[in-house]
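Reader: I would like to learn how to read a model like this one, step by step. Could we begin with the surroundings of the ligand?

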Amino acid sequence: MTEHVSHEHDVLVIGAGGAGLRAAAEAAAAGVKVAVISKSLLGKAHTVMAEGGIAAALANVDERDTWCVHFADTMRGGQYLNSWRMAELHAKEAPACVRELEAWGAVFDRTLDGRILQRNFGGHRYPRLAHVGDRTGLEMIRTLQDHDIHLGIDVFMEYTIVTLLKDGDRIAGAFGYERERGRFHVFRAKAVVLATGGIGRAYKITSNSWEYTGDGHALAYHAGAGLMDMEFVQFHPTGMIWPPSVRGILVTEGVRGEGGVLRNKDGHRFMFDDIPTAYVNQTADTEEEGWRYTQGDKNARRPPELLTRDHVARCIRREVKEGRGSPHGGVFLDIAWIKERIPNASEHIKRKLPSMYHQFKQLADIDITQVPMEVGPTTHYMMGGVRVDPDSQMSEVPGLFAAGECGAGLHGANRLGGNSLSDLLVFGKRAGQYAANYAKEHSLGAIDADELESAEKRALAPFERDGGEGPYAVQYALQEMMQDLVGIVRQEKEMLEALERIQELKVREERVGVNGNREYNPGWHTAIDLNNLLTVSEMVTKAALERKESRGAHFRDDYPKKDDKFGTFNIVIRKGAGGEMQVRREPIPEMPQALKQIIEEMK
Ligand SMILES: Cc1cc2nc3c(=O)[nH]c(=O)nc-3n(C[C@H](O)[C@H](O)[C@H](O)COP(=O)(O)OP(=O)(O)OC[C@H]3O[C@@H](n4cnc5c(N)ncnc54)[C@H](O)[C@@H]3O)c2cc1C
């Protein structure tokens with residue numbers, strides 16, 4: 001065995017995004033010793049990129065909003081595959097979590113009478129997103145980070161966990177390396193919270209940064225947890241598409257919330273052409289009504305650009321496929337047109353959407369206050385993740401908790417914009433609370449020396465393969481393949497081919513070699529991440545094959561309709577005793593009558 005540094009904590013939080021930092025704060029407040037580990041620098045997690053806002057029924061802008069409406073919107077958006085209990089807790093607890101964040105120092109945009117301002121977003125019936133311009137994630141992470149530091153939490157920046165350690169069935173800690181020096185570390189802990197974010201890097205076109213290689217999903221799978229809803233990968237309708245170097249970078253839904261419209265190359269507002277039955281009653285009939293909605297008219301209904309992301313993404317794809325796309329293969333998103341409606345539109349856009357203005361100006365030399373943007377779908381968010389108990393967030397492995405994007409349940413088949421940041425607060429807090437309780441009731445588990453030794457061997461193997469293929473070539477091949485064969489529109493033949501290709505890529509992954517030493521060696525890090533990307537890609541493909549219908553973010557050309565019998569179960573993946581990937585259909589628990597009634601009343 002090589003040398004490693006050892007640490008001991010009551011609660012170990014893996015991930016320093018919104019979910020991890022909120023979990024750590026709650027655990028520390030409960031009086032236990034907490035550590036937070038992050039693959040990148042503190043403050044650089046994905047959460048910092050969040051733009052549009054945090055969804056919570058504060059009812060500051062429209063007094064008709066309540067937790068019941070938020071609950072019904074979330075369930076409708078998720079096409080009723082959501083964990084209804086998580087959707088209920090989320091809708092009820094999000095307002096208090098946002099107010100708590102404000103009390104901890106977050107400075108939100110304000111209404112004229114000084115309350116937290118809320119904006120419109122896709123799938124939300126009323127203006128519901130508490131925001132800070134289009135830099136909400138930055139404010140959230142800054143606030144949580146300051147709060148955590150004051151609580152005396154140990155922070156390990158630029159550390160990557162590669163294996164979870166177990167004592168029998170229960171969790172005992174985690175093993176990882178330090179990016180700067182390449183040294184190994186063993187973190188013993190009574191409870192572990194996974195808060196590692198998404199899997200976007202499994203695809204070629206994505207809004208996700210380099211860190212999102214599905215580590216938490218893969219760590220949990222290998223540790224014996226169930227992974228649920230892995231077929232539901234969200235393709236956000238509006239990513240940048242030009243120039244090629246910035247392809248995939250997100251264009252916030254906030255642009256449409258502020259009055260931005262989608263047009264094809266003929267200038268036609270195509271979103272009015274196809275409105276799903278479930279949303280007909282809530283969608284504007286005319287462009288005029290849609291505009292009034294974005295300007296706060298409570299008697300108007302939302303424009304079709306604010307339908308759910310899955311639907312908008314597919315409409316864009318249709319326009320492009322049928323030859324009505326923009327020059328670089330997308331469509332036009334126009335916010336500049338609002339100058340026809342309001343004075344000082346240019347200043348207004350810069351104030352409401354400062355990051356979007358700078359993003360397009362600096363990366364594409366386009367002034368969005370004057371001309372339309374070109375946009376197209378981009379891999380954005382993972383609805384699937386670790387299956388958890390809705391109240392405690394504990395996974396099927398005792399002592400292992402999960403929260404945020406690497407957890408599953410709240411969003412079902414499709415997440416509504418803004419519901420992730422609120423998810424991080426509500427369930428990050430719960431995970432921290434229950435992990436602290438678990439730590440108080442249990443002692444440290446034993447570390448198995450053989451398990452540790454084989455984890456070290458696996459991590460160092462790429463250095464032994466002199467002349468092996470570089471990890472980037474394999475990663476790129478996987479991303480291209482997932483984009484082409486398991487992307488926004490799927491079919492059986494292509495997904496079966498994808499499974500074969502994944503097996504071939506696994507063989508290549510086992511032969512990947514890296515040069516140099518262990519200090520700051522990105523090639524080595526990529527080689528380690530590759531295994532996680534392959535594991536999650538296989539899970540996504542197998543779950544997508546199993547769901548023989550189209551629902552939410554999962555669209556199949558060979559089964560283009562929603563099928564009621566597929567609305568009664570979630571697909572859960574586990575590692576079998578022989579190491580095989582098992583795929584099961586597990587029934588959704590019966591929803592209590594009171595919640596059913598809320599959904600009926602909100603239709
Ligand atoms: C551009 C963009 C805009 C968005 N806008 C919004 C919005 O307006 N509203 C909204 O609700 N949602 C939005 N989202 C989605 C939302 O930001 C994310 O879903 C959310 O921030 C995820 O938070 P998290 O805490 O689960 O994980 P993250 O913030 O992704 O953090 C994950 C953490 O885990 C660490 N980590 C990962 N793997 C390892 C490992 N192996 N070892 C150690 N550490 C590890 C990372 O370093 C990081 O610290 C947006 C997303 C993007 C990309």
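Predicted model: local features only at pLDDT ≥ 70, side-chain atom pairs only at ≥ 80, totals over all residues.

Reader: Which element gives the largest share of the shell around the ligand?

Author: That is α11, with four residues. Other elements that give two or more residues include α1 (18-29), β2 (34-38), α4 (136-150) and β7 (159-167).

Reader: How many residues surround the ligand, and which are the closest?

Author: The ligand is surrounded by 40 residues, and Gly15, Gly17, His46, Gly197 and Gly404 are the closest. Sorted by class, the shell holds 22 polar, 13 nonpolar and five charged residues.

Reader: Now the domains, please. What does the domain assignment give?

Author: Domain bounds come from an automatic or database assignment. Here it gives domain 1 (236-379) and domain 2 (465-568). Their C-alpha centres lie 30 Å apart, and five residues from each domain take part in the contact. On the side of domain 1 that touches domain 2, helix α8 (residues 309-321) gives the most, with four residues. That side has three charged, two nonpolar and no polar residues.

Reader: And the overall fold: what radius of gyration does the protein chain have?

Author: The idea is to compare the chain with a compact globule. For 603 residues such a globule would have a radius of gyration near 25 Å, and the protein chain, at 23 Å, agrees with that. Buried residues make up 56% of the chain, and its secondary structure comes to 16 helices and 18 strands.

How values were computed: Residues numbered from 1 in each chain as written. Contact = placed C-beta atoms within 7 Å. Nonpolar A, V, L, I, M, F, W, Y, C, P; charged D, E, K, R; others polar. Near = placed C-beta within 6 Å. Rg over C-alpha atoms; globule rule 2.2 N^0.38 Å. Buried ≥ 20, exposed ≤ 12 C-beta atoms within 10 Å, placed from the backbone.
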